[in-house]
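User: I'd like to go through this structure with you before I set anything up. Could we start with the charged side chains and then move on to the strands?

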Amino acid sequence: MESMKRTTNCGALRKTDAGKTVILNGWVHRKRNHGRVFFINLRDRYGITQITVDTETNASLSSICDELRNEYCIAVEGKVCARPLDMINSSMETGEIEIIASNILILNKSEVLPFQIDEESKASEELRLKYRYLDLRSNAMQERIKLRSKVTFAVREWMTQNGFYEIETPTFIKSTPEGARDYLVPSRLYPGKFYALPQSPQLYKQILMVSGFDKYFQIARCYRDEDSRGDRQPEFTQIDVEMSFVGRDDVLSMTEGMMRHTFKKVMNIDLPLNFKRLTWEEAMELYGSDKPDLRFDMQLKDFTPFVEASTFQAFKDALSSGGTVKALVVKGKADYSRKQIEELEAHAKIYKAKGMAWMKVNSEKALEGGASKFFADNVPQIINSLCAEAGDLILMIADSNRKVVNTSLGAVRTKLGRDLGLSDPNRFEFAWIIDFPMFEYNEEEQKWEAAHHLFTWPQEKYHATMESDPGSVKGDLYDLVLNGYELASGSIRIHDSEMQKRVFKIAGIDPSEAEKKFGFLTEAFKYGAPPHGGIAPGLDRLVMIMAGVTSLKDVIAFPKNSFAVSPMDDCPSEVDQKQLDELRIVIKK
């Protein structure tokens with residue numbers, strides 16, 4: 001093999017290399033037999049180069065060319081030749097040249113492939129995950145993993161240049177379940193005791209602030225044992241950041257700088273100096289979501305001024321019950337069929353809407369169809385107030401619960417953005433969502449609980465009324481959203497032991513329970529803990545959006561499927577009885 005070790009790669013050669021003798025190593029991507037001449041596309045992670053084998057002038061290679069199949073791993077020696085102008089392949093970076101082979105060595109054979117390794121595999125997700133090592137050879141996956149590597153490097157580069165230390169926090173920690181379930185690791189040395197895998201490095205990064213490391217970051221692996229839903233992964237990566245002696249604006253500005261550097265370095269895209277800011281209430285009222293997609297407008301409009309004068313009893317009942325009515329104007333879609341509107345209504349009902357009314361603006365700027373007959377006396381005012389035009393479709397939802405109206409109509413807005421192609425994957429629209437509620441009421445358990453997490457600093461104007469009116473308290477919380485996804489969540493943290501006790505008490509955590517779960521943190525706060533705050537952008541999700549794909553699995557080398565299982569290595573799996581005995585674990589059937 002030493003004599004056939006590669007001297008260059010399959011993406012490097014150009015016309016200026018003509019005349020050189022080179023050795024390439026890679027995989028057979030395609031083979032074409034033109035009688036006495038074989039054409040072999042040889043691939044590695046750098047690109048594809050065409051190998052030409054003329055068996056009339058080199059008969060010794062005839063049998064080996066006959067044997068070659070897709071994904072055979074081979075070494076090729078030959079001379080670089082410039083292609084004639086009329087044979088240049090402009091779709092290949094190496095399309096100006098070919099290699100006239102003088103020697104071919106099979107390094108390893110390949111069995112018949114379970115699926116073809118193409119630009120974008122058409123194989124099922126389960127098959128791709130079972131043979132992930134083959135799926136990863138595809139150009140699409142190679143490019144995404146390359147993008148992930150470049151993003152990670154750019155983040156590290158910016159953070160280091162701006163005075164942050166990269167510090168690792170433990171993977172085996174104390175179980176402090178306050179979000180999803182912990183993954184537990186049994187201790188052999190201490191039977192009956194368990195380590196937990198971190199859902200995030202939250203407590204440790206706060207302790208690092210107490211330790212005097214005022215600028216910390218980590219490309220942190222995190223683990224959450226959640227029920228299978230959506231595109232979540234049981235193990236994921238976040239860009240974990242914490243800073244001391246800062247306020248909210250400092251953390252937001254730092255994050256904007258990191259994102260600007262990363263997008264410019266990796267994609268040569270210039271992001272704005274400052275990202276748009278919306279309060280949580282504004283986001284919910286205007287877009288029906290705390291992670292709005294701002295690549296298109298289509299805001300929710302207040303329709304309540306037109307209800308009293310109407311004859312639509314369902315809308316009147318919603319208002320008399322303390323509710324609201326809102327409308328959504330869909331530009332140029334008055335041609336939507338009844339079936340299409342019913343599909344939108346069905347989507348709204350997933351989010352607890354009882355129904356969805358509609359009407360259309362005709363060419364004479366009059367309302368027609370659906371609920372229009374109930375609003376005949378207010379047509380000009382409605383059209384002007386909603387900024388509707390001829391050819392528009394108006395959708396309306398009413399409910400006694402304002403949250404249901406916003407959320408369900410917001411979900412319809414998101415679906416329309418997707419269905420109508422309004423969400424351009426090449427646009428990146430960031431926004432900060434600020435002033436989140438600190439607490440939310442759990443109707444099932446009849447108690448208040450932290451809306452985000454227990455370590456958020458309540459905004460100072462609410463300190464005096466926290467216990468008497470938890471529902472009105474705003475936390476010093478902030479989310480970064482990008483193209484309809486929550487990209488990062490953060491807050492200014494509690495650094496005072498007494499404030500932490502007050503928050504625990506409102507959330508129904510008694511002092512003994514708090515001491516058992518978080519005692520090491522509150523103890524640290526007694527020794528001059530500085531004011532501090534942080535944020536944690538999701539690396540997987542950031543790369544997913546930058547890559548223009550919609551699944552986290554497409555930007556993670558070895559993801560789990562939707563059931564938290566790895567088809568490739570059959571994980572999770574049973575273990576030997578001997579291992580269970582050592583850990584003193586009995587499996588209950």
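User: Which residue does R36 form a salt bridge with, and how far apart are the closest N and O atoms?

Analyst: Bear in mind that this is a predicted model. In it, R36 forms a salt bridge with D54, and the closest N and O atoms are 2.9 Å apart. R36 sits in the loop between β1 (21-34) and β2 (37-44), while D54 belongs to strand β3 (residues 47-54), so the pair ties together parts that are 18 residues apart in sequence.

User: What about K109, which residue is its salt-bridge partner?

Analyst: K109 forms a salt bridge with E67, where the closest N and O atoms are 2.9 Å apart. This pair links distant parts of the chain, with K109 in the loop between β5 (97-108) and α2 (125-130) and E67 in helix α1 (residues 62-67), 42 residues apart. K109 is exposed, with a relative accessible area of 54%, whereas E67 is partly exposed at 29%.

User: Are R128 and D135 buried or exposed?

Analyst: Both R128 and D135 are buried, and their side chains meet in a salt bridge at 3.0 Å, N to O. Salt bridges that share partners join R128, R132, D135, R144 and D554 into one network.

User: How many salt bridges does the count come to?

Analyst: The count comes to 41 salt bridges, taking a side-chain nitrogen of Lys or Arg within 4 Å of a carboxyl oxygen of Asp or Glu.

User: Switching to K205, where is it found, and what does its side chain reach?

Analyst: K205 is found in helix α5 (residues 202-210), and its side chain reaches the backbone oxygen of V241 at 3.3 Å. K205 is buried, with a relative accessible area of 2%. Leaving aside neighbours within four places in sequence, K205 is in contact with Y216, D240, V241, E242, R493, I535 and A536.

User: Now the strands: what is the order in the open sheet of eight strands?

Analyst: The order in that open sheet is β6-β9-β10-β22-β21-β20-β17-β11, and the pairing is mixed. The edge strands are β6 (165-166) and β11 (276-279), each of which pairs on one side only.

User: How many bridges are there between β20 and β21?

Analyst: Strand β20 (residues 477-482) and strand β21 (residues 485-492) pair over six bridges in the antiparallel sense, and D479 has S489 in β21 as its bridge partner.

User: Which strands does helix α6 lie across?

Analyst: Helix α6 (residues 248-267) lies across β10 (235-244), β11, β17 (430-434), β20, β21 and β22 (532-535), and runs at about 165° to β17. Helix α7 (residues 280-287) lies across β11 and β17, but its direction is at about 90° to β11.

User: One last topic, the hairpin of β18 and β19: which residue takes a positive phi there?

Analyst: That is Q446, with a phi near 55°, in a hairpin that has four residues between the strands. Strand β18 (residues 439-442) and strand β19 (residues 447-450) run antiparallel and are joined by four bridges, with Y441 standing opposite W448 in β19.

Technical notes:
Residues numbered from 1 in each chain as written. Predicted model: local features only at pLDDT ≥ 70, side-chain atom pairs only at ≥ 80, totals over all residues. Heavy atoms only, no water. Pairing = 2+ DSSP bridges. Helix = DSSP H or I, 4+ residues; strand = E, 2+ residues; numbered from the N terminus. Contact = heavy atoms within 4.5 Å. Axes fitted to C-alpha atoms, helices over the stretch in contact; angles between N-to-C directions. Buried < 20%, exposed > 50% of the residue type's maximum accessible area, 1.4 Å probe, protein only. Polar contact = N/O pair within 3.5 Å; in protein donor to acceptor, adjacent residues only side chain to side chain.
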